[in-house]
Amino acid sequence: MGKPLIAISHLSKSFGDLEVLKDISVDISEGEVISVIGPSGSGKSTFLRSINMLETPNHGTIVYDDEDITGEGYDARKLHREIGMVFQRFNLFPHKTVLQNITLAPTKLKMGTKKEINDEARKLLAKVGLESKADEMPHNLSGGQQQRVAIARALALKPRVLLFDEPTSALDPELVGEVLKVMRELAEEGMTMIVVTHEMGFAREVSNRVIFMEDGYIVEEGDPKDLFLNPRHPRTAEFLSSVL
Amino acid sequence: MDIQWSFILTVIPTILKGIKVTLLISVLGIALGFVLGFLTGVARTGKNRILNRIAGIYVGIIRGTPLMVQALYIYFAIPTIFQFDLSTVAAGVIAIGLNSGAYISEVVRGAIQSIDPGQKEAGICLGLSKWQVATSIVYIQALKIMLPGLGNQFIISVKDTSLLTAIGVAEMTHQASRAVTTTFRTVETYTALAVVYLVLCSGMSYLLKKMERRMK
Ligand SMILES: Nc1ncnc2c1ncn2[C@@H]1O[C@H](COP(=O)(O)OP(=O)(O)OP(=O)(O)O)[C@@H](O)[C@H]1O
Ligand SMILES: [Mg+2]
């Protein structure tokens with residue numbers, strides 16, 4: 001394997017006196033699908049949010065595509081155009097239609113003519129199975145549909161990496177499947193994905209690597225089959241037995 | 001006591017001589033208030049500590065003192081300190097502007113802070129600039145939430161202009177009080193005055209409600 005797309009070394013982050021990330025080092029290659037699991041409060045969201053600079057780390061570096069994004073004067077907007085984010089609570093824009101949610105950023109970023117942007121947005125809606133909902137307002141959609149729109153919105157920037165922070169945790173159980181299906185398809189197409197999740201099925205079947213975090217540390221990481229079957233660390237085993 | 005209810009109709013035209021001034025001061029004052037309120041409201045949700053502090057002090061002073069005292073201070077004290085002349089109308093506009101600005105500031109700040117921070121984060125994660133996030137995501141949603149509060153403040157300011165009689169602004173209350181000094185018809189005149197304000201403010205309230213509904 002060549003150079004990693006994202007190289008994180010010795011990252012730490014504190015909120016006041018509370019150290020949330022402790023000496024995190026991990027490399028991520030293009031095309032990898034990584035699941036991040038761990039108990040509540042272990043720092044999973046903070047880890048994910050550090051990667052696209054929603055949080056500023058206190059120490060350590062993150063190198064993305066050979067550029068130190070934690071360095072002084074790095075323009076975060078450049079990063080945001082390449083790394084997309086999908087949130088637990090969707091964060092769709094309630095004052096815009098489904099289609100406008102998707103076209104807003106490409107329009108503001110002048111990624112094409114109005115027609116090109118609209119056509120592309122409709123294609124993305126078809127991809128997530130919602131072409132008929134283009135002109136609806138987000139609040140008229142179910143949670144699963146809203147999350148699929150949010151994924152289409154992130155895809156509209158043609159990102160190289162997608163970050164997901166518990167994308168199915170706010171959904172009714174019967175709606176989880178339709179979102180996971182879209183994510184699985186993206187993974188099969190080769191999208192680089194980092195997914196914080198409680199869906200152990202997804203972690204085991206779709207991802208190439210699982211990271212187990214606890215108390216701000218990466219306790220263990222590895223191939224999902226190994227990690228789920230033979231966890232090396234007792235804490236991993238304990239966590240897995242509590243969720244499986 | 002001899003009360004001539006028909007005098008109410010006679011005195012209304014006298015009171016209405018002041019309506020232009022009442023409306024002029026209301027409209028100019030609240031326009032100034034909107035500008036001040038939006039700037040300071042935004043400043044108080046922003047990261048710039050100095051601007052935030054200045055806006056906070058302004059709102060604190062205005063909310064901590066009565067409008068009447070503010071008007072007296074603007075008309076009598078400030079021109080004396082800085083040695084210049086100020087017309088009563090100009091002083092009235094400034095007083096209403098500074099006063100409504102502080103309350104609008106609260107409305108604006110509250111509305112902006114009520115928008116889920118996840119909205120801003122979603123915008124940032126889509127590569128938008130701070131300005132784009134503010135204008136096309138956060139403030140536009142906040143504006144909808146502000147509308148009832150802004151309309152409310154407009155009506156309050158119209159009513160507040162009656163206090164400007166204290167600095168001799170020739171608005172409606174002033175006209176009524178002058179009529180009383182010559183006719184001594186207190187009950188009829190002040191009844192008429194109350195009715196005029198009631199009609200004016202209810203009418204505005206109705207129009208604002210209609211506008212609000214239209215915006216939704
Ligand atoms: N902005 C913040 N300010 C202060 N403390 C924070 C902030 N964000 C997170 N924390 C704290 O940091 C710790 C880790 O939070 P984080 O959200 O990263 O955990 P998590 O693993 O994602 O948990 P969950 O599974 O509940 O989402 C928690 O104790 C949390 O309370
Ligand atoms: Mg979390």
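Start with strand β1 of chain A, residues 6–15: 7 bridges join β1(A) to β2(A), and the two run antiparallel. Keep in mind that this is a predicted model.

**I6(A) and the cores**

Select I6(A). Its opposite number in β2(A) is I28(A). Show the contacts of I6(A), leaving out residues up to four places away in sequence. Among them are V26(A), I51(A), I62(A), Y64(A), V161(A) and I194(A).

Next, colour the largest nonpolar core, which has 49 residues. I6(A), I8(A) and F47(A) have the most contacts inside it. Then jump to chain B: helix α7 (residues 130–160) of that chain gives this core its largest share, 6 residues. In soluble globular proteins, nonpolar side chains tend to be buried together.

**Salt bridges**

Turn to the charged side chains. Over all chains, the structure holds 24 salt bridges.

- Select E30(A) and R160(A). Their side chains form a salt bridge, 3.1 Å from N to O. E30(A) is in the loop between β2 and β3 (33–37) of chain A, and R160(A) is in the loop between α5 (143–155) and β7 (161–165) of chain A, so the pair ties together parts 130 residues apart in sequence. E30(A) is partly exposed at 49% relative accessibility. R160(A) is also partly exposed, at 29%.
- Move to E120(A) and K158(A). The closest N and O atoms of this salt bridge are 3.7 Å apart. E120(A) sits in helix α4 (residues 114–127) of chain A and K158(A) in the loop between α5 and β7 of chain A, so this pair ties together parts 38 residues apart in sequence. E120(A) is partly exposed at 26%, while K158(A) counts as exposed at 56%.
- Finish at R235(A) and E238(A). Their salt bridge brings the closest N and O atoms to 2.5 Å. Both lie in helix α9 (residues 234–243) of chain A, 3 residues apart, which means a separation of about one helical turn. R235(A) is partly exposed at 28%, and E238(A) is partly exposed at 48%.

Terms used
Residues are numbered from 1 along each chain as its sequence is written. Chains are lettered from A and ligands numbered from 1 in the order in which they are written. This is a predicted model: local features need pLDDT of at least 70, side-chain atom pairs count only at pLDDT 80 or more; totals for chains, interfaces and linings use all residues. Side-chain values use heavy atoms; hydrogens and water are left out. Two strands pair if DSSP finds at least two bridges between them. Helices (H or I, at least four residues) and strands (E, at least two) are DSSP runs, numbered from the N terminus. A nonpolar core is a set of buried Ala, Val, Leu, Ile, Met, Phe, Trp, Tyr and Cys residues joined through side-chain atoms within 4.5 Å. Buried means under 20% relative accessible area, exposed over 50%, partly exposed in between (1.4 Å probe, protein chains only). Contact means heavy atoms within 4.5 Å. A salt bridge is a side-chain nitrogen of Lys or Arg within 4 Å of a carboxyl oxygen of Asp or Glu.
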